[in-house]
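Have the sequence and the 3D view ready.

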Amino acid sequence: MIKGVVADETGILLSGVNILLYTGNDMIHYNKGVVSNQNGEFKFMDLVKGSYRIVTSMIGFESQEVTVILDKESMVLDTLRMKEAINLLEEIVVVSNNLDVLGEKNVKHFSKREREKSATALDLMTNIPQIKIDASTNKLVNKKAQSILILCNGIKANELDLLGLRPEDIQKAEYFPEPPVKYLHSGYESVLMVTTRQAKEKGGYITANLENSFMAGFGTDVLQGRYSSGENDYTLRYFIDYRNLDKNRFSQSYKYTLNGDKEYNLEKNGQNGNYTGQYHKIQASYSRNKNDNYLFVSKATLSVNPGSENYPQLSSGIEAGKPITEDLSHLFVKTHYLSPSLDLYFSKQMKNEQEISFNIVNTYYDSKSDRSLKGDNYNIVTRLDNQSYSLIMEGEYEKRFQSDNMLSAGIRYFYKTLDEQYRMNEDGEKQNHNLTHNIYMYADWSGRKGKLIYTLGMGAEENIQQTDTRLSSFILKPMLSLTYKMNKVSSLKLRSSLSAYSPNISLLTNSPVYIEPTILSIGNPNLKSYYKVVNHLLYNYNRPGLFMEVAAYYDYARHPYYPIYENKGSYIQKRYDNISNAQQAMGQIYLSWNPFDFLNAACYYEAAYQSSSINHSNYKHWHHFVNMSLSASYKDFTLEGMVILKNKGLNGMLLEKDNNYYSATLSWKKKSLTLSLTTLFMHDPHISETVSGSAVYYRETKAWNNFKGLTYLRIAYTLPFGKSIKRSMKQRLNNTDMDSGIFIDSKTKM
């Protein structure tokens with residue numbers, strides 16, 4: 001047996017290194033091949049005495065070779081050191097291709113230059129093709145501008161966690177354009193797994209990331225301190241995201257007839273309204289890492305989210321058969337929630353490349369909503385006072401094999417209650433009690449055989465809803481992925497999966513919210529889970545400086561839930577309900593061009609044919625989407641720009657379009673200090689309207705005029721202190737509950 005560890009030049013242990021063993025002078029056919037584990041360890045078993053050559057390789061590092069003589073049953077090698085593959089040529093840093101496409105995932109190792117020009121780990125992630133930052137929300141988005149499920153060292157995280165990490169803390173990132181079977185229940189279309197290097201502080205660091213606008217009330221600020229001592233780590237973090245905007249305009253149009261003869265045909269033109277909101281998060285965590293053998297983490301979080309919005313409107317048209325002109329109405333919404341949570345985690349490494357992990361999360365929400373709809377002849381006030389509690393428990397087992405195979409299996413249990421007190425005007429209080437259980441079990445097997453990389457997974461989910469009635473559903477979630485490496489730069493992938501989606505508990509409430517005096521919105525206690533089949537064929541081309549994907553998709557959803565507008569005779573009802581089906585066929589192309597280290601251009605285009613079937617009516621629509629970005633660097637400066645253009649997309653019986661997006665950012669970074677200036681243009685209206693041919697015509701638009709050239713300044717600074725120690729155990733599981741229980745049309749929404 002030959003065993004050893006592999007590390008970089010600074011002593012940081014490296015996981016995922018390919019290590020090949022050759023016999024004697026034969027450098028054509030290798031004897032055995034292994035991959036280093038998360039502690040950088042590797043071993044070759046069942047060897048005869050003799051001469052061997054060991055070759056290590058990893059994307060972003062230079063290959064290393066060492067010759068050993070095995071003259072006894074086993075030997076332990078000195079640490080194998082790998083150098084980053086970086087060559088300096090005048091002012092340009094030339095890097096080897098540090099992105100590798102491996103089956104389901106794209107593995108990214110970051111170059112020294114990429115780390116140097118990034119202020120935080122969040123900025124560093126934008127060096128991955130298909131990932132950018134939405135400057136209006138500080139969220140990572142994929143090529144389709146959708147949110148990404150983020151995991152840090154195997155646990156669920158968010159952009160706030162990445163803001164608190166330095167670029168040098170990151171070892172690598174793995175991006176899954178489609179979720180693995182473990183996350184088929186998550187609702188996310190993409191998954192990003194970030195692996196950190198071992199912590200090196202006996203002491204710690206203080207980090208500040210401050211983004212604030214001098215044109216309007218707009219800011220996102222993070223302060224974090226971390227201290228390490230011996231086997232213990234302590235972290236304290238404060239985050240605030242605030243908005244104070246005064247040029248938002250909310251407009252509505254609708255047309256229908258009630259009671260057979262009362263005509264409603266109104267245009268409600270929004271005037272300058274205001275939105276004020278904050279999101280505060282205080283988090284303290286403690287972790288203990290014992291001899292690279294077990295890890296315990298305890299994390300306590302307090303979240304507070306107050307917000308309010310006020311929209312005046314001028315109405316003209318016909319109301320109940322009578323003409324009206326310039327009638328003034330107001331919509332006022334105020335929401336608030338307070339949420340403490342406690343997160344406990346434990347993992348232990350065992351013999352033979354095995355590991356077990358456990359995670360328990362307790363979350364409580366105390367949330368309130370006051371909504372007032374006021375006009376000349378009406379004043380409708382609804383109030384919600386909710387209490388919600390959830391418990392999430394998850395356990396996972398993982399086993400790695402020397403033959404590039406891996407088995408993982410786990411079970412997740414989610415329990416959530418919602419007690420709602422509802423009041424309209426001076427009517428009596430109505431109380432609702434809702435309860436949901438969700439059990440999800442999963443297992444997957446992945447490996448490689450020659451040029452074929454494969455993953456076979458199976459999930460099983462049971463969802464139970466206890467509202468006015470008891471509903472239960474059970475569904476299997478198979479997933480198959482086959483990737484064929486055609487050559488060193490191109491591959492072909494076929495993936496097919498079946499996933500299920502369960503409604504949030506807030507959608508199960510049946511307390512009405514008035515959008516207009518004759519239009520009410522309501523949830524549905526009988527809303528059922530639904531499943532979606534996704535099939536796609538993807539061609540990938542990846543070489544230094546050029547990354548391209550061409551894909552064809554077909555999605556089919558059976559009984560998905562969407563809001564349905566119905567004419568009830570004396571009023572219009574917007575109700576969440578399961579429709580017959582929805583499907584789409586889509587073509588995509590993505591191109592990222594990096595001709596020099598200082599220049600990157602990327603473009604994504606998709607065209608989709610969408611259809612839905614609702615109550616024996618069929619609706620069809622063509623959807624187009626464009627996402628373009630450009631980044632250029634010179635010495636300590638970086639200039640970035642992004643443009644997103646889209647037309648309306650079909651969602652059930654609604655055509656919806658988010659705001660077009662334009663941003664430009666100029667950054668300067670020197671050692672631990674970063675200054676940047678960002679300008680946003682995204683005032684184009686958000687639009688939601690019923691499709692042509694529906695029984696009810698309703699359209700609403702929201703224009704964010706404060707974002708018409710909004711400019712904000714960012715200051716990021718890290719102050720390290722103390723000496724060096726080492727960490728290696730990494731947390732693998734973590735869960736969060738983000739559903740406050742407030743019905744969607746009762747929330748403030750900028």
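A residue is called buried when its relative accessible area is under 20%, exposed when that value is over 50%, and partly exposed in between. Keep in mind as you look around that this is a predicted model.

Start with aspartate 123. Its relative accessible area is 14%, so aspartate 123 counts as buried. Now look for its partner: the side chain of aspartate 123 meets the side chain of arginine 714 in a salt bridge, at 2.8 Å from N to O. This pair links distant parts of the chain, since aspartate 123 belongs to helix H2 (residues 121–124) and arginine 714 to strand S49 (residues 708–723), 591 residues apart.

Next, hop over to glutamate 689 and lysine 648. They form a salt bridge too, and their closest N and O atoms are 2.2 Å apart. Here again distant parts of the chain get linked: glutamate 689 is in strand S47 (residues 686–690), while lysine 648 is in the loop between S42 and strand S43 (649–651), 41 residues apart. The two ends differ in how much they show. Glutamate 689 is buried, with a relative accessible area of 9%, whereas lysine 648 comes in at 21% and is therefore partly exposed.

Before moving on, go back to the starting point for a moment. Salt bridges with shared partners join Asp123, Glu211 and Arg714 into one network.

The next stop is a salt bridge between the side chains of aspartate 636 and lysine 670, 3.3 Å from N to O. Aspartate 636 sits in the loop between strand S41 (617–634) and strand S42 (637–646), and lysine 670 sits in strand S45 (residues 661–670), so the pair ties together parts that are 34 residues apart in sequence. Aspartate 636 is partly exposed, at 27% relative accessible area, and lysine 670 is partly exposed as well, at 44%.

Finish at arginine 543, which is found in strand S35 (residues 530–543). Its relative accessibility is 42%, so arginine 543 counts as partly exposed. The side chain of arginine 543 makes a polar contact with the side chain of tyrosine 541, at 3.4 Å. Then look across to aspartate 100: it is 443 residues away from arginine 543 in sequence, yet the two are 9.1 Å apart in space, C-alpha to C-alpha.

Technical notes
Residues numbered from 1 in each chain as written. Predicted model: local features only at pLDDT ≥ 70, side-chain atom pairs only at ≥ 80, totals over all residues. Heavy atoms only, no water. Helix = DSSP H or I, 4+ residues; strand = E, 2+ residues; numbered from the N terminus. Buried < 20%, exposed > 50% of the residue type's maximum accessible area, 1.4 Å probe, protein only. Polar contact = N/O pair within 3.5 Å; in protein donor to acceptor, adjacent residues only side chain to side chain. Salt bridge = Lys/Arg side-chain N within 4 Å of Asp/Glu carboxyl O.
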